[in-house]
Amino acid sequence: MVGSIHVLKEMLNFMNPIKSLLNMHITSKSKEINFHTKLEFGKIEKMQKEKTEKRWSLIGMTALVTGGTKGIGHAIVEELAGLGAIIHTCSRNETELNQVLNQWSELGFQVTGSVCDVSVRTQREKLMEDVSSLFQGKLNIFVSNAGTNVKKPTVEFTAEDFSFLMTTNFESSYHLSQLAHPLLKASGNGSIVFISSVAGVTAFDVGSVYGATKGAINQVTKNFACEWAKDNIRTNSIAPGLIRTPLNKEVLKDEEFVKSFTSRIPMRRVGDPKEISSMVAYLCLPAASYITGQIICVDGGITVNGFYPTEP
């Protein structure tokens, strides 16, 4: 019995170094596994971060924004450029165009521009030829922003008034979309954003022809979205409410009008161009890849307001 105990002790003594070696090996392997696990988690985290950043970035994307020297158009150019887009814009006024191009250059934005009156068909064709050459036949984003208005009672509109508004606000957008289509298709990921108006959604006292041009824009938004989805081109329309722009400069001087109008807006105020440009940017981002055919009112709630009194 004593001999057996002695043999057992000897065996345990012999096993201790082996046990220590095994523990060291296990500890080493555990550290190695932890290191590789952390490395893999680090890689996954980096990949997820890069994927997220890409969804919310326009770096490397090309864009055409019409009427980009002032108002909503100016805000759109700066919004897209700030997200990394390479932009071409146009204006009828060469002096204004050169001034803003110099300002954007100083800010480090990648923006070029050309003089173009979008109401003239030949100038629209020349504009798109320039864009095609500039961007090697590919275009990711087309923002149709240029527009105008002539406010009159319906019975006072002349044939010239009607033709001018239809050509500037609707025909130009339609034709430029036709011209842009092959470039947008070639990019493999195209997005059209029309700047429409709440006047194309419901009745506002801004002139019946203006409302008709914007209503037409809202309709072709749906048609293009369905027809060109197979070409990986999304089409959406933004319908701004009353916004502080040069086009609304005179009407905004009328304090009684502003008071009356904003009393119908749930948010009780006039909008800012940057509140439109941020929605434009979102619709152009990869993050909005499943949104098409939508008319989005950015209007402080006026188009959904049946009647809510100013004071409860």
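Is glutamine 136 buried or exposed? At 65% relative accessibility, against a cut-off of over 50%, glutamine 136 counts as exposed. The model described here is predicted.

**Nonpolar cores**

- The largest nonpolar core has 30 residues, and those touching the most other members are Leu58, Ile76, Leu80, Ile87, Val143, Ile238 and Val280.
- Two or more residues of this core come from each of the strands β1 (62-66), β4 (141-144) and β5 (190-195), and likewise from each of the helices α2 (71-82), α3 (94-106) and α8 (273-284).
- Another core, of 22 residues, lies apart from it and includes Val118, Val131, Ile217 and Val220.
- In soluble globular proteins, nonpolar side chains tend to be buried together.
- Beyond its neighbours up to four places away in sequence, isoleucine 87 touches Ala63, Val65, Val77, Leu80, Ala81, Gln110, Val111, Thr112 and Phe135.

**Alanine 63**

- Alanine 63 belongs to strand β1 and has a relative accessible area of 0%, so this residue is buried.
- Its contacts, with neighbours within four places in sequence set aside, are Leu80, Ile86, Ile87, His88, Phe135, Leu139 and Ile141.
- The C-alpha atoms of alanine 63 and valine 131 are 9.0 Å apart, while the two residues are 68 residues apart in sequence.

**Cavity**

- Across the whole structure, the search finds one cavity of 30 Å³ or more.
- The largest cavity has a volume of about 30 Å³, and its lining is formed by Ser144, Asn145, Ala146, Asn169, Ser173, Phe194, Ile195, Lys214 and Ile217.
- Helix α5 (159-187), strand β5 and helix α6 (208-227) are the elements that give two or more residues to this lining.
- By class, the lining of the largest cavity comprises four nonpolar, four polar and one charged residue.

- The largest pocket holds about 1,200 Å³ of space.
- It is lined by 44 residues, of which Gly147, Tyr210, Thr245, Leu247 and Asn248 are the closest to its centre.
- At least two lining residues are supplied by each of α2, β2 (86-91), α6 and α7 (255-262).
- Helix α2 gives the most to this lining, with three residues.
- The lining of the largest pocket contains 20 nonpolar, 16 polar and eight charged residues.

**Aromatic pairs**

- There are seven aromatic pairs in the structure.
- One of them joins phenylalanine 170 and tyrosine 174 in a tilted arrangement, with 5.9 Å between the centres and 55° between the planes.
- Both of these residues lie in helix α5, four residues apart, which is about one turn of the helix.
- Tyrosine 174 has a relative accessible area of 34% and is therefore partly exposed.
- Phenylalanine 204 and phenylalanine 261 also form a tilted pair, at 6.0 Å centre to centre and 35° between the planes.
- This second pair links distant parts of the chain, 57 residues apart: phenylalanine 204 is in the loop between β5 and α6, and phenylalanine 261 is in helix α7.
- Phenylalanine 204 is partly exposed at 22% relative accessibility, whereas phenylalanine 261 is buried at 16%; the two fall into these classes because buried means under 20%.
- A cluster linked by ring pairs consists of Phe170, Tyr174, Phe194, Phe224 and Trp228.

**Glycine 293**

- Glycine 293 is placed in the loop between α8 and β7 (295-298), and its relative accessible area of 17% makes it buried.
- Setting aside residues up to four places away in sequence, glycine 293 touches Thr221, Lys222, Ala225, Thr235 and Asn236.

**Positive phi angles**

- Most residues other than glycine have a negative phi.
- Glutamine 136 is not a glycine, yet has a positive phi of about 55°; this exposed residue is found in the loop between α4 (121-134) and β4.
- Arginine 268, likewise not a glycine, has a positive phi of about 60°.
- The loop between α7 and α8 holds arginine 268, which is partly exposed, with a relative accessible area of 28%.

Conventions
Residues are numbered from 1 along each chain as its sequence is written. This is a predicted model: local features need pLDDT of at least 70, side-chain atom pairs count only at pLDDT 80 or more; totals for chains, interfaces and linings use all residues. Side-chain values use heavy atoms; hydrogens and water are left out. A nonpolar core is a set of buried Ala, Val, Leu, Ile, Met, Phe, Trp, Tyr and Cys residues joined through side-chain atoms within 4.5 Å. Buried means under 20% relative accessible area, exposed over 50%, partly exposed in between (1.4 Å probe, protein chains only). Contact means heavy atoms within 4.5 Å. On a 1 Å grid over the protein atoms alone, a cavity is a set of points where a 1.4 Å probe fits but cannot get out, and a pocket is an open set with protein on both sides within 12 Å along at least five of seven lines; lining residues have an atom within 4 Å of a point. Grid points are joined across faces, edges and corners, and a volume is the space filled by probe spheres set on the points. Ala, Val, Leu, Ile, Met, Phe, Trp, Tyr, Cys and Pro count as nonpolar, Asp, Glu, Lys and Arg as charged, and the others, Gly among them, as polar. Rings of Phe, Tyr and Trp (its six-membered ring) pair if their centres lie within 6.5 Å; planes under 30 degrees apart count as stacked, over 60 as edge-to-face and the rest as tilted.
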